[in-house]
Amino acid sequence: MSSNPGDQSEVISSEQLSLLNNRQSEIYSAKLARFANYLQKEGKNPKKKVGYADTAVEKRVYRVHRAVKWFWNQHEIKTEITTDDADKVNRALEVDEFCKGNGEPYAEGSKRKFNDALRNWFEFQNVDWTPEYEFSDAEAKKENKPDPFTRPELKQLWETSLTYKSIPSYNNLTPDERDRWKAHIAQELGKPKETVVPDDWDRINNDWHIPSLIRTARSHGWRPDLVGRMKVQWYEPSEKTIYIPEGEAPKNDTHWRADLTDEGALALDKWLDQRELMELYDGRDVIWLTRKGNPYSSGTLNDLLRNLMDEAGIKSQGRNLVWYSFRHSIGTYVFAETKSLKVVADQLRQKSRASAEKYVHPLPEVKREAANIM
């Protein structure tokens, strides 16, 4: 046991370290103890050597550990937490992916406290970290919450996914043009330029990765962490259904059956056939990986969505259009059709009607009609 003041055992119980093996636990616990000691002696103002009160130290250590534990569950277990890892936590707080144990989002003030504690963590290590998203104690502004896509935009995203990153036919290019496209294809496929062959042109143009992801997300509003953990064995092609096992769906502990549309099932069938032939997926059971071989996260999904929106010509026009907008679109249009928050909660796998209500927005069509009335 550490003899340093601010021993982490006062704040973090052994149960909180159950994901670590003995060696990892020793290293991580010792670092938390040093961090607590730093907070107590100089964390509030390092230049003047002014520290926090004991209760504040405990809360800050716990918030850092809460953020680290979320990262372990969503990404990987390790004892060294980097600024890139903290960025993932920060983005997850922004879109309410990192939330309370009961599934409810943190208040803006709580999010701000997580940022402050993580700043302390990196100051303790003499590392600069500036979070992408800042929070305040005031209520979140409406424009910081995801907005829904319109029905035409949802259709356009699907159509664009079918042409996304398509390239000209090999036979329609001059030798110089083929040479330039080889560099692009090499980057997309992660292979040396000199190994690019004519068949790689067809591989790019027949890629069902993005269409399968977009079409199924459009119907079910997959949360980013569910996209990152979706398994091949969950899909039953004969039934056009994904069966999500108990305990696998984020914020929901029950078994979940997600029925796909004909188009969604076709796109997923095509993708899974291609996926079997790709070295990137050897020994992996996750349905979708990024080009770098990593599970998708909110950051990489939002990057993909922005690229699709740019190609589709979809303008945000003051709206906050992010990956979670798929869920807000479902909530908005399902409620408009059914007038039932229970149906919305069932479709989005929310635990209560109150939780489902936050995904319901006024229909853009209705807002325009209201303006015309006046």
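Arg275 lies in helix α10, which covers residues 262-275; helices here are DSSP runs of H or I with at least four residues, strands are runs of E with at least two, and both are numbered from the N terminus. This is a predicted model, in which local features need pLDDT of at least 70, side-chain atom pairs count only at pLDDT 80 or more, and totals for chains, interfaces and linings use all residues. Residues are numbered from 1 along each chain as its sequence is written, and side-chain values use heavy atoms, with hydrogens and water left out.

**Around Arg275**
- Arg275 is buried but has no salt bridge; buried means under 20% relative accessible area, exposed over 50%, and partly exposed in between (1.4 Å probe, protein chains only).
- A salt bridge is a side-chain nitrogen of Lys or Arg within 4 Å of a carboxyl oxygen of Asp or Glu.
- For Arg275, the nearest side chain of opposite charge is Asp285, 6.0 Å away; Lys and Arg count as positive, Asp and Glu as negative, and His and the chain ends are not counted.
- The side chain of Arg275 reaches the backbone oxygen of Ile287 at 3.5 Å, a polar contact (N or O atoms within 3.5 Å; within protein, one must be able to donate a hydrogen and the other to accept it, and residues adjacent in sequence count only if both atoms are side-chain atoms).
- Not counting residues up to four places away in sequence, Arg275 touches Val232, Tyr281, Arg284, Asp285, Val286 and Ile287, where contact means heavy atoms within 4.5 Å.

**Around Lys231**
- Lys231 sits in the loop between α9 (224-229) and β1, and is buried at a relative accessible area of 16%.
- A polar atom of the Lys231 side chain lies 2.9 Å from the backbone oxygen of Arg229.

**The sheet**
- Three strands form an open sheet in the order β1-β2-β3, with antiparallel pairing; two strands pair if DSSP finds at least two bridges between them.
- β1 (235-236) and β3 (256-259) are the edge strands, each with a single partner, so one side of each has no neighbour in the sheet.
- Two bridges join β1 to β2 (residues 241-244), and Tyr235 stands opposite Ile242 in β2.

**Salt bridges**
- The whole structure holds 18 salt bridges.
- Lys31 and Glu80 form one of these, with closest N and O atoms 3.2 Å apart; Lys31 is in helix α1 and Glu80 in the loop between α2 and α3, 49 residues apart.
- Lys31 is buried at 9% relative accessible area, whereas Glu80 is partly exposed at 46%.
- Glu337 and Arg151 meet in a salt bridge at 3.1 Å, N to O; Glu337 lies in helix α12 (residues 325-338) and Arg151 in helix α5 (residues 151-163), so the pair ties together parts 186 residues apart in sequence.

**Positive phi values**
- Lys49, in the loop between α1 (22-43) and α2 (54-74), has a positive phi of about 55 degrees although it is not a glycine, and counts as exposed at 56% relative accessibility.
- Asp96, in the loop between α3 (83-94) and α4 (108-124), has a positive phi near 60 degrees and is buried at 10% relative accessible area.

**The whole chain**
- The chain has 15 helices and three strands, and 45% of its 374 residues count as buried.
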